Amino acid sequence: MLEKIRETEEEISLLTADSEEVLEELRIKYLGKKGVIASLFTQFRELPPDAKRETGQLLNNLKEKASARIVELKNSLSRPGESTIIDDLTRPGDIIPTGTRHPLSIVRNEIISIFSRIGFTVSEGPEIESDNNVFTRLNFPPEHPARDMQDTFYIKRHSEEDSNINDILLRTHTSSVQVRVMESEKPPIRTISPGRVFRNEAISARAHCIFHQVEGLYIDTEVSFADLRQTLLFFAREMFGEDTRIRLRPSFFPFTEPSAEMDVNCTICGGKGCNVCKYSGWLEVLGCGMVDPAVLENCGIDSSLYTGYAFGMGIERIAMLKYQVNDLRLYFENDIRFLNQFSSAF
Ligand code: DAH
């Protein structure tokens with residue numbers, strides 16, 4: 001009997017079927033009420049009790065294998081090409097659905113495309129950075145509250161006595177790439193730096209501990225605030241539509257002087273006032289300013305010869321305005337039902 005089980009098992013593993021009818025015959029032959037396996041079960045009942053245990057196990061196993069093999073053959077019949085030979089070579093191929101880009105990638109690529117049309121290159125820097133590149137060279141004094149304000153994730157922090165050792169941290173903004181570019185390149189410099197940044201924030205609809213920014217930097221002789229304004233106006237109109245208006249409000253950043261924040265007119269209510277623009281008619285989009293001469297000097301650029309402007313924006317912020325999706329968390333959960341709604345040329 002054991003021998004018969006083994007033989008049947010081998011037969012089953014070698015079965016093939018090129019049509020539903022053949023497959024049904026095979027199923028009846030092995031798994032039918034009067035089939036091979038059923039008759040083995042009948043013989044099994046006659047066995048002495050001590051032989052039953054081992055044989056029973058083998059027999060159950062055989063039955064499972066036979067069922068699995070039949071299902072396998074059935075699947076390959078309904079999907080030609082896997083184990084049967086296709087005889088119609090003109091048959092169209094299966095449609096493979098393509099995915100969609102993540103909305104943050106779409107917006108980042110669009111920002112890069114807009115600035116590359118007016119001569120900006122793309123440069124990147126590391127996410128794990130030194131305190132020097134993130135804060136010190138950008139004119140943040142040692143005890144400046146912004147270092148805490150930005151809720152930095154420190155990887156290695158020096159003790160009070162050891163203050164000459166450079167801290168290692170996760171960058172809190174992409175402005176650190178400015179420093180790297182200025183130190184390694186000679187003006188004229190015209191570059192944008194997209195990337196991921198980190199701040200120790202509680203996750204909510206409006207804040208996340210990981211997000212994305214694009215930094216912009218232009219350094220040359222005689223770069224003026226008017227150049228900055230015109231570049232940002234071009235960007236805003238390309239991004240949000242040709243009727244977009246911008247507004248620059250005075251602000252403060254340690255690395256720019258003067259500094260400003262840019263708003264665009266609210267595209268959702270058209271300026272009439274809604275809960276997205278908090279009834280002001282304007283939406284804040286980015287920070288900017290003229291690079292502080294002290295920063296130029298910190299990075300090895302002669303501030304008596306060169307001036308420059310810089311700006312920085314949040315990619316999530318732009319995406320929220322563009323798509324009117326007001327919960328940041330959706331961008332990080334990767335729910336396919338959300339992601340599938342975005343398509344793009346970028
Ligand atoms: N780094 C700033 C932030 O994370 C954004 C920023 C503001 C960047 C002004 C700039 C700038 O380059 O000039 O909030």
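Tutor: Begin with residue classes: Ala, Val, Leu, Ile, Met, Phe, Trp, Tyr, Cys and Pro count as nonpolar, Asp, Glu, Lys and Arg as charged, and the others, Gly among them, as polar. Here the shell around the ligand divides into five nonpolar, eight polar and two charged residues. This is a predicted model, in which local features need pLDDT of at least 70 and side-chain atom pairs count only at pLDDT 80 or more, while totals for chains, interfaces and linings use all residues. Residues are numbered from 1 along each chain as its sequence is written, and side-chain values use heavy atoms, with hydrogens and water left out.

Student: Which of the 15 residues around the ligand come nearest?

Tutor: A residue is near a molecule if one of its heavy atoms lies within 4 Å of it. Of the 15 residues around this ligand, the nearest are His173, Ser175, Arg199, Gln213 and Glu215.

Student: What distances separate an oxygen atom of the ligand from N or O atoms in the side chains of Glu215, Gln213 and Gln178?

Tutor: A polar contact is a pair of N or O atoms within 3.5 Å. For an oxygen atom of the ligand, the distance is 2.5 Å to the side chain of Glu215, 3.0 Å to that of Gln213 and 3.2 Å to that of Gln178. By the Shrake-Rupley method with a 1.4 Å probe, the ligand taken alone exposes 360 Å², of which the protein buries 90%.

Student: How is the chain divided into domains?

Tutor: Domain bounds come from an automatic or database domain assignment, which here gives domain 1 (2-90) and domain 2 (103-342). Their C-alpha centres lie 65 Å apart.

Conventions:
Polar contact = N/O pair within 3.5 Å; in protein donor to acceptor, adjacent residues only side chain to side chain.
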